[in-house]
Amino acid sequence: MTMTEAEAYDAILAHHAALNADVNMRVSFLGNKVEKAESEKSAIEDLVRYLNAEVVPHAIAEEHTIYQTAVDKLGLADLIGEMTTEHKTLVSELTALENSSSGQEALEHADRFAVLFSDHVTKENELIVPRLLDSGDVDLTLVLSEMHQLFEAAQESAASASPDKKDPTATLLKLLGEAAKELAKSGKNDLAARLTAGAWAALQVDRPDLATKANGILHRLVDLRSSAPVAISSSRRGDIERELDVRPLAPAQRHSEIFAAYRSLGPGNGFLLINDHDPKPLQYQFEAEYQGQFTWDYLESGPKVWRVRIGRPS
């Protein structure tokens, strides 16, 4: 199933709405902590982690895709200049938030960030994205695909940054990543990937920022694998309740949608995952979370579309 221009447009707006809602939720949580004179340290750390892992990579990706296209195809250089300046202001507020000396000071910077970000995505939704959709000279589906790829690359770049020496869990993950890479180079690809997927599963609840880094390590490990052919299943092995095409979704949304679809399955049933790249890293994550409790059957293996039936055993 090919994504339409309208679906790409809706996906961009939906991602903006999800980012805005997540920012406001975390800022509100910080505000409640400050108002009740409770320890705000964890709320600040969670907000900072989210902004660095999701919002900043999103901004980087859209500058090189949506913004550049708006300049090249629509001549919106002045507007894009203003929007890029707002990105720099957002990063400045994030830096000030990280360096705040009190909960109240952190809340002030967080509030300013939330207001500016909300206004910023409203401008994108009203002044840029509709014009790209209406232009006969822009392939919005291609722009969105390129943005997804750059978003993932920006996330991985952030994940590869040196961890804080005061954060032993981050240090351990960095060491695990280095060890896993060496294992993969020595031919023990599966072991390296399974260890990293196990770390991802252990971190995703309490340290989602580090889980994102583990996910990036896992994807790089899979890229190091030898190009063994994928075995295509000759049957669908049970019922397919629904098709889940994650290609229009932002990378940050794909995991939650896929695992939610799996958890809703009854015994013997499955859903058809449609993706724009080999979801092999996801298979390792399923093994870490649901070993022996899922089935995985490739029905199509690229080069542009991958289809996998994910199910529960009878």
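Which residues do ring pairs link into a cluster? Select Trp200, Phe259, Tyr262, Phe286, Tyr290, Phe294, Trp296 and Tyr298, which ring pairs join into a cluster; rings of Phe, Tyr and Trp (its six-membered ring) pair if their centres lie within 6.5 Å, and planes under 30 degrees apart count as stacked, over 60 as edge-to-face and the rest as tilted. This is a predicted model, in which local features need pLDDT of at least 70 and side-chain atom pairs count only at pLDDT 80 or more, while totals for chains, interfaces and linings use all residues. Residues are numbered from 1 along each chain as its sequence is written, and side-chain values use heavy atoms, with hydrogens and water left out.

The structure holds 10 aromatic pairs. Select Phe113 and Phe117 next, a stacked pair with 6.2 Å centre to centre and 20° between the planes. These two residues are separated by about one helical turn because Phe113 and Phe117 are 4 residues apart in helix H4 (residues 103-134), helices being DSSP runs (H or I) of at least four residues, numbered from the N terminus. Phe113 is buried at a relative accessible area of 5%, where buried means under 20%, exposed over 50% and partly exposed in between, with a 1.4 Å probe and protein chains only.

Now select Arg26, which lies over the face of Tyr50 at 4.1 Å from the ring centre, and then Lys280, whose charged end sits over the ring of Tyr284, 5.1 Å from its centre; such a charge has NZ of Lys or CZ of Arg within 6 Å of the ring centre and within 35 degrees of the ring normal.

Finish at Thr65 in helix H2 (residues 41-74), which counts as buried at 2% relative accessibility.
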